[in-house]
Amino acid sequence: MDVKVITRHAPSNYGSLLQSIATIKTIEWLGHKCEIINYIRNDERGLKAILTPLKNKKKWSNNFLRRLLYVLLRFPEEYNAEKKFNIMRSKYLKQTKRFANIQELSQLTADIFMTGSDQVWGPTLNGKHDEAYFLSFVKEGKKVAYAASFGRTDFTSSIIMEYKRLLSTYDNIAVREDSAVQLLNEININCIGQVLDPTLLLTGKEWDTYTSKKNNIKGKYVLVYQLHNNPVLSDYAIKFANHVGLPLYRVSPTFHQFKRGGKFLYLPDLGDFLSYIKNCSYFITDSFHGTAFAINFNRQFIEILPNNNTSSRNQSILRLTGLEDRIITDYNDFSIYKKRIDYSNVNAILEQERIKSLNILKRLCTRD
């Protein structure tokens with residue numbers, strides 16, 4: 001089967017890239033041809049990628065000088081990250097030619113069109129959902145979704161009705177979060193199940209083939225991987241590292257995070273990024289995919305939920321694996337380092353969930 005997948009592969013972050021790699025690899029394991037549809041909106045590249053979300057940042061957008069300062073600070077790091085991730089995407093992903101709008105996407109043909117994982121059904125940089133991720137451009141071919149995510153749960157009634165219209169055109173849908181299953185049930189859209197994020201379909205041993213074999217950090221260390229601007233997380237990471245007497249390292253593709261504490265590991269190659277997680281003694285994160293790789297590599301991790309409305313995806317995987325007690329709510333309590341995760345039960349759960357998810361993916365990748 002010729003399977004073409006539309007997903008959020010283009011943002012310059014490791015989670016987007018890793019889930020795209022895993023999607024291709026798993027579908028090819030099932031014996032099919034798979035390509036990522038290289039759909040990149042014009043407002044998600046270059047200077048527009050800075051200006052588009054700036055409109056919703058009241059602190060920076062209320063006068064010209066503040067807007068100018070924001071652009072001068074953020075554009076160089078955005079440009080640098082985009083350049084680096086373009087190289088990694090070319091190396092690891094099989095992609096179609098570039099498309100920028102629904103009219104161009106309508107040229108595509110495939111046996112199966114799939115909406116892939118990540119926050120594909122949530123708002124894009126402009127704050128609105130994009131019909132392309134709902135496969136509205138498909139004229140002929142089966143339409144399915146695997147591990148698709150809304151990213152959040154607080155939608156207006158008008159958006160919910162729009163979602164119902166768009167999702168009713170699918171042949172089969174499988175989603176990533178339990179909250180998404182609930183939402184689909186509420187709007188009477190058939191869902192064939194909750195499935196694992198593609199990054200969890202591969203085991204830690206399989207991901208190890210992507211890790212860098214050189215050891216850039218000697219000895220034990222605490223690693224922090226932070227997506228959101230949350231001073232509480234940064235402060236906790238510094239205090240936790242001091243409490244356990246280990247050096248703190250911070251990994252990020254965005255340069256402005258250097259001031260948040262810890263020795264800075266800026267924009268590493270994919271192999272180094274995975275290696276930093278695999279070899280750390282403790283891992284502190286607010287990232288869904290950071291959590292997924294902590295679990296894949298059986299790390300002792302600490303979860304600080306995002307300080308926005310996207311925490312449902314983190315909570316869902318923690319509920320599924322019985323690891324909700326890794327969420328920190330008392331930021332003066334560092335005793336979690338004594339509570340070691342017994343991964344024998346977690347790995348057993350994941351193994352069963354992989355079997356279930358792969359069976360559903362096999363069902364999606366048929367003509368029936």
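Reader: Is tyrosine 331 buried, exposed or partly exposed?
Author: In this predicted model, tyrosine 331 has a relative accessible area of 32%. Buried would need a value under 20% and exposed one over 50%. The value of 32% falls in between, so tyrosine 331 is partly exposed.

Reader: How many helices and strands does the chain have?
Author: Let's take both kinds of element together. The secondary structure of the chain comes to 13 helices and twelve strands.

Reader: What is the radius of gyration of the chain, and why does it count as compact as a globular protein of that length?
Author: For 368 residues the globule rule gives 21 Å. The chain comes close to that, so it is as compact as a globular protein of that length. Its radius of gyration is 20 Å.

Reader: Nice! Among the 27 aromatic pairs, why is the pair of tryptophan 121 and phenylalanine 150 tilted?
Author: The structure holds 27 aromatic pairs. In this one the ring centres are 5.3 Å apart. Planes under 30 degrees apart would be stacked and over 60 edge-to-face; these planes are at 50°, so the pair is tilted.

Reader: How many residues apart are tryptophan 121 and phenylalanine 150?
Author: Tryptophan 121 is in the loop between β4 and β5, while phenylalanine 150 is in the loop between β5 and α6. The pair links distant parts of the chain, and the separation is 29 residues.

Reader: Are tryptophan 121 and phenylalanine 150 buried or exposed?
Author: Tryptophan 121 has a relative accessible area of 0%, and phenylalanine 150 has 2%. Buried means under 20%, so tryptophan 121 and phenylalanine 150 both count as buried.

Reader: What kind of pair do tyrosine 236 and tyrosine 331 make?
Author: Their ring centres are 6.5 Å apart. Planes over 60 degrees apart count as edge-to-face. Here the planes are at 75°, so the pair is edge-to-face.

Reader: Which parts does that pair tie together, and how many residues apart are they in sequence?
Author: Tyrosine 236 lies in helix α9, and tyrosine 331 in the loop between α12 and α13. The pair therefore ties together parts whose separation in sequence is 95 residues.

Methods:
Residues numbered from 1 in each chain as written. Predicted model: local features only at pLDDT ≥ 70, side-chain atom pairs only at ≥ 80, totals over all residues. Heavy atoms only, no water. Phe/Tyr/Trp six-rings, centres within 6.5 Å; stacked < 30°, edge-to-face > 60°. Helix = DSSP H or I, 4+ residues; strand = E, 2+ residues; numbered from the N terminus. Buried < 20%, exposed > 50% of the residue type's maximum accessible area, 1.4 Å probe, protein only. Rg over C-alpha atoms; globule rule 2.2 N^0.38 Å.
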